[in-house]
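Thanks, everyone. I have one chain to show you today. Please have a look at the sequence and the model first.

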Amino acid sequence: MIKLKWAAIILLVLGAVLVIPGRTTAIAITDDGAELVGNWTGGSICMGNRASCHDEQIVYRITKGPDPAGNVTITADKIVNGKPELMGVLDFKYDSEKRTLVCDFTRGNTHGLWELTVKGNTMEGTLMILPEKILVRRIKVKKEASGKPAQV
């Protein structure tokens, strides 16, 4: 009788241990990118020696989470004289496993690649000019909380 009770307890503990990792894995896989929605503020720093490049204070605006294909739109503003000035709107691909946003784009004669990594309420990344793979910018932004600008 005592051996039967211990066997039942061991089976219950093993069953609980097997169930818990399955739930944790499911949460990681179902990341839908909803936490991306909001305003992200910070800096865009020039790299290398490009006369036309200037360091900027920036705001990235994401108004809705990724669609089922992982596409998300970012509207980018730079702050000029304390006011936002539109720089552009680009579509990024969100990878929920890597927690990255990537945009391969062409504007005029410029072919570039934006790569951003999301870490909680911060995003960091780079802009490279292709095909030469020249690093042009480093980005670091922090998500605004409750409508207040974030400090980076």
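I will go through the fold, the pocket, the salt bridges and a few backbone details.

Ground rules first. This is a predicted model, where local features need pLDDT of at least 70, side-chain atom pairs count only at pLDDT 80 or more, and totals for chains, interfaces and linings use all residues. Residues are numbered from 1 along each chain as its sequence is written, and side-chain values use heavy atoms, with hydrogens and water left out.

So, the fold. The chain has 1 helix and 8 strands. Helices (H or I, at least four residues) and strands (E, at least two) are DSSP runs, numbered from the N terminus. The order along the sequence is α-β-β-β-β-β-β-β-β. Of the 152 residues, 31% are buried. Buried means under 20% relative accessible area, exposed over 50%, and partly exposed in between, with a 1.4 Å probe and protein chains only. Now contacts, meaning heavy atoms within 4.5 Å. Take those in the chain with a separation of 6 or more: 33% of them join residues 24 or more positions apart. The accessible surface is about 10,200 Å², and carbon and sulfur atoms own 60% of that. Those areas are Shrake-Rupley values with a 1.4 Å probe; for residues, only the protein chains shown count as cover.

Asn39 sits in strand β1, residues 38–46. Which residues does Asn39 contact, leaving aside its neighbours within four places in sequence? They are Val59, Tyr60, Arg61, Lys142, Lys143 and Glu144. Asn39 is partly exposed, at 25% relative accessible area.

Which elements give two or more residues to the lining? β2 (56–62), β3 (71–80), β4 (83–95), β5 (100–107), β6 (110–119), β7 (122–130) and β8 (134–143). β4 gives the most, with 5 residues. By type, the lining holds 16 nonpolar, 5 polar and 4 charged residues. Here Ala, Val, Leu, Ile, Met, Phe, Trp, Tyr, Cys and Pro count as nonpolar, Asp, Glu, Lys and Arg as charged, and the others, Gly among them, as polar.

On to salt bridges. The rule is a side-chain nitrogen of Lys or Arg within 4 Å of a carboxyl oxygen of Asp or Glu. The count is 5. One of them pairs Arg99 with Glu35, the closest N and O atoms being 3.0 Å apart. Arg99 is in the loop between β4 and β5 and Glu35 in the loop between α1 (2–29) and β1, so this pair ties together parts 64 residues apart in sequence. Both ends are partly exposed: Arg99 at 23%, Glu35 at 26%.

Then Asp77 with Arg61, at 2.9 Å between the closest N and O atoms. Asp77 lies in β3 and Arg61 in β2, so the pair ties together parts 16 residues apart. Asp77 is buried at 7%, while Arg61 is partly exposed at 25%.

There is also a network: shared partners join Glu56, Lys78, Glu85 and Arg137 through salt bridges. Within it, Glu56 and Lys78 meet at 3.9 Å, N to O. Glu56 is buried at 16%, and Lys78 is partly exposed at 23%.

Last, the backbone. Most residues other than glycine have a negative phi, and most peptide bonds are trans. The bond from Leu130 to Pro131 is cis, with omega near 5 degrees. Pro131 lies in the loop between β7 and β8. Lys133 is found in the loop between β7 and β8 too, with a positive phi near 60 degrees. Lys133 is exposed, at 62%. Asn81, in the loop between β3 and β4, has phi near 50 degrees. Asn81 is exposed as well, at 78%.

That is the tour. Over to you.
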